[in-house]
Amino acid sequence: MSRGKTGMTRRDFVGYGTTAMVMAGAGELLTGCATSQRTGQGGPGGGTDGPSSSIGYFARFGVDETLIRETLAAALSRGGDYSDLFFQHRVSTSMALEDGAVNKAFTTVELGVGVRVVKGDQTGYAYTEELTLDAMRSAARTAAAIADGPSRPGPQRLHVYKEIPQRYVLKMGWDAVRPEQKLPILEGLNASAFKADPRVSKVTLSFADEHGAVLVADSNGRLVEDVQPMTSLYLSCVAEQNGKREQNTYGVAGRAGLEFYSPERLDRVVREAVSRTTILFEATQPPAGEMPVVLAAGSSGILLHEAIGHGMEADFNRKGTSIYADKLNKPIAHPFVNIVDDGTNEYARGAINVDDEGNVPDKTMLVENGVLTTYLHDSISAKHYKVKPTGNGRRESYRYAPLPRMRSTYMLPGPHKRDEIIASVKKGIYCSNFSNGQVNIGAGDFTFYVKNGYLIEDGKLTRPIKDVNIIGNGPRVLEKVDMVADDLVIDEGGWTCGKDGQGVPVSQGIPTVRVASITVGGRNA
Amino acid sequence: MSTTNTTNLADVARQAVDLARQKGASEAAATASRMRDVEVKWRDGRLDKVSEATTRGLSLQLYVEGRYSAVSTSDLRPEALERFISDSIAMTRALARDEHRRLPEPELYEGRTQVDLSLEDPRQATLTADERQSFARELEAGARAADTKGAILSVTTAFGDALRETYRVSSNGFEGGLRGTQFVASADVSAQDSDGRRPEESDYAVARFFENLPDAATLGRRAGERALGRLGSTKGASAVLTMAVDNRAAGRLVSMLLGPMMGGALQQKRSFLDGKLGQKVGSDLLVLTDEPHVKRGLGSRLFDGEGITARPLPLFEGGVLRSYFIDTYYGRKLKARPTTGNPSNLSWKLGGKEQAALLADMKEGILVTSFLGGNSNAVTGDFSFGVQGFRVRGGKLAEPIGEMNISGSQLDFWKRLVAVGNDPYVNSALRTPTLVFEGVQFAGV
C-alpha cells in the first residue's frame, strides 16, 4: 500500500527516467520534484500581495500567519523541541507521444501540509490535504505525541526569510505554457528520430513539467517559500536490423522553463537516443571478471552517488551503520580526488534554493584532496554533530519527513587527460551510459548498470558493449580511482534518487576517470 | 486523523464522473481513494519516529472528442475540483485523436464473482499505539537475541498498518469498491565486520491480517541471523555455476519476466516475448498462473484497475507461454482480446522439497539471497544483476559471498530452471518459491 515499507526499498538507489519508477516499485513516481515561475519573494501571480501578508504563493489556499501559529502551537503542545510545517503545491503534467501522435496526457495535483515534531532525535510526523485550521491542528496534535511533557509555546511572530538565492529564475512558468507550445516539440523530435536512421521503427516521447511551490514554517518563526520549476524530456526508440531489435533512451532534465529546449539540445536528444540504440546491434556483453574500467565524463557520476554519496548521508553515520562512519578526516582516495555535493548549479535538476527544512544549500565538500571532509546533513543530524546544516534535508513530498539527501554530486577536474587515460589500459572497458545503480550503505557494495560502452584493447576503444552490471565496494573502489581527467561534465539527464521509499531529483557528474580494477558482470570469463 | 471526511467514496467518484460529462467529456471513469496509514519506527532501544495520516485522492480518465488524458488530485475542495476538471478537459482537447482510447467494453465488467476475498482485518481498527510499539520493540529484541558474537551495531525496526479504500465508477456502467488492510513489520540489522565493513540485512513480513504476521521475536531473529551471516563475506571466483535463488530474492527474476508480457511492451516492440505465445520459453518446471482470488492475498481483487472482471489467467504451462497482460487500449491496438493490464497474485506449480533439500540435491553452486542493482533489457532479454549469498558445497551452505554479478539472456535462462521449491514467499504477491538454475555465469575475482 504505502511505499517504502518493505525491506527492499531500504536499499538506496538512483535510476534514470522510467527505470527509477520500476526500481522504486512506487507506481506513479514522477521523475521530478516541484514547480514554476519565480516572481520574486512574496507573491507569484494569484497570491495576495497585501501589505501585511508575509505568505506569498500559499495565500491563494487560505494559508495565513494565524493558521501557521495555531498549528505550530498544537504541534508543541506535548513539549516537542522543534516543529516545522511543510506546505506543498505541485502540479505535474506530462504529455506522451506514441505511434506518431501526442495522444495522452497526465496531470497530478498535490496539495498538502506535513507537520513534523522533533523531540531529541525522535520524530513525530503527520500530514493532511485539507489546509483548514481543524485539519491542520489535528495533524499537529498527532505529530506532537512523540513528546510527552508540558506544552511549549509556539512562535509569537513569524518572519520571512528573504535572503534565498535565485538559482532557477524562469522567463515564463510552466503554468503559463499552453499545451499547443509543447506539442510541436514532440512532433518535431518524432520526425527527426525517424529521419535520423532508417532502422528506427518505434519512437516514444515523454515531456514533463512541474509548477508550484513549497513553504516551510518552523517553530523559530522562520517562513521560507520557494517556487520550484522542473522539466524533463525523454526520447526512447526501438530500432530493427536483420530481425533483431534494440532500444535505448536519452533524456534531459532541469529546473528550467520552455527555453531549456533549445534547438541544439533537441538535436542532441535525437542524435544520442538514436546512436545509443543503433550501436547496440554491434554490441555484446563484455567478458566477466575483474578488470580496469574507464568511466566517461558525465553520467558516470553515478559511481560517486553510489560509492560514496549515500554513505556520506549523516543519518547513516549518526546510527553508525555507514561504512564511512569512522572515516571522517581520514585519507580515502588519491590526493587529486575532490568530490562535492552541490545545490547551487543553476537550472540543474539537483539544484535547490532552499532545502525542505528551509535551509539554504551550498556546495559541500565530501572529499577534499583525497580526505573525507563533510557529511551531508539535515537539521537533526547537524544538531547531533554540532555543525551547521548543509542544506541536504529533502523529501519527496509533504507526505514524508525530510532525510539527508544528495543534490548534485560530482568530482572536480583532475590532472590527467582523457586520451592518456584510455591509452593506459591494456584490456578493460570504457563505460559511457548508465541506467541505474544501487548501494548497500554498510557493507559498501554498490552497483551500476551500463547500457553503452566499449572494450578497451591495447589502449584503444574497440568493440561496443552493452547491458552489463558493475559491482564494487565503495571505499575500495575510491582508493582505486587512480587517474582523473580535466573534462568534468555534469550530466543533463533526469536522475531520481530513492531512499527509504522517497524519490528526489538529483544531478551527477564526473570527469573521465580510471578505476584500476572492479568486477564487471558479463559472459565467458 | 483529520482529513477523513465522512463523504462516501462512491459519491465522490459518481459526482466526479457527472461533473466531467457536464464539462464536456464524452466518457469518463473516476476512482476515489482514501488511506489511513500508521507507522512506528524503533531504533536501538527507543522510539525513533511515529507517522500517521489519512490521505485521499481522486483520479479520472477523461475521454473528450476521441482524445484522452488521465489526471489525479489531492485537492478535493469543490471549487478547486471543478476548475481542475475543466482545465483537464481543455488540455485533453489539445491532444491528438486516438481511435483506440475508449472505456472498456461493458461485457468485460460482467461475471464478477461474489466470493469474499477476506482482505480487511477488523483488528486494524483496534490496534493501539502501545501494541505497535511493543511489536517494534520485540523485533529488536529478537534480532539482538541472535547476536552471540556481539557484532550487531544497530537495529532499526518498524511496524505499520494501513486501511485502503477505493471506489471506481465509469460512465458506461462500471461500479466497484475495494477495502483492504495491510500490516508490515520489518527489522534492519547492521553488524560490524572485522575489516571495517558494516554489512546490513533485513527481514520483513507483509500480511492482510495481523494474525498472519510471524511473531516479532521470530522475524527479528531471522533479520539478525541474516545480517550476521554476511560477516566475512568474500568475492568468489568468476565461474559458471548452478544458482539457487531464495524465495524472497526470486521475485526480482520474475519481475524481469513479467514486464515484457505487458501489452504496451508488445505493441511498442519492446519485448523479447513478442511472437512467443504458444512457444516454449522455459523448462517444464515453469508453470505459472495469475490467480486473483487468493483469500487474504496481497494482490487479490475482483476486478482490475480498468474494471475488467478478474479471472485466473494461465501464464506458463510446462514452460510454454500461454497469455500476455493486455489492457483494453493495447488490446485494441494489437487486435487482441484484453486479459488484464497487470498481474494480481502469482500462483506457482510448487515442487516437493524445501530449500535445504534443494541445496542438498544441487551439491555445488551458489545460493543467492539478494540482488543488488542490475537490470534487464526487455527487448533482447539480456540481463545482469549484482548478487550476494552463500557458496554451497557438498549440498550445504558454506561461506558467504558478495560483490559478484550474474549475467545472461532470458531466452536461455528460464530453460535452465531445474528445480522449484515448496516454499512460496507469502510477503509478496509474486509468491515465488526457491528456484534453482543450472549453468549461470557468475562474475567475481
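Guide: An axis here is a line fitted to C-alpha atoms, for helices over the stretch in contact, and angles run from 0 to 180 degrees between N-to-C directions. Helices (H or I, at least four residues) and strands (E, at least two) are DSSP runs, numbered from the N terminus. This is a predicted model, in which local features need pLDDT of at least 70, side-chain atom pairs count only at pLDDT 80 or more, and totals for chains, interfaces and linings use all residues. Residues are numbered from 1 along each chain as its sequence is written, and chains are lettered from A and ligands numbered from 1 in the order in which they are written.

Visitor: At what angle do helix H4 and helix H5 of chain B pack?

Guide: Helix H4 (residues 129-145) and helix H5 (residues 216-228) of chain B pack at about 45°, their axes lying 6 Å apart. Angles under 35 degrees count as roughly parallel, over 145 as roughly antiparallel, 65 to 115 as roughly perpendicular and the rest as oblique, and H4(B) and H5(B) are therefore oblique to each other.

Visitor: Which classes of residue make up the contact of H4(B) with H5(B)?

Guide: Ala, Val, Leu, Ile, Met, Phe, Trp, Tyr, Cys and Pro count as nonpolar, Asp, Glu, Lys and Arg as charged, and the others, Gly among them, as polar. The contact of H4(B) with H5(B) has 9 nonpolar, 4 polar and 4 charged residues.

Visitor: How do H4(A) and H5(A) cross, and at what angle?

Guide: The axes of H4(A) (residues 179-196) and H5(A) (residues 263-278) come within 10 Å and cross at roughly 40°, so these helices too are oblique to each other. Their contact divides into 9 nonpolar, 1 polar and no charged residues.
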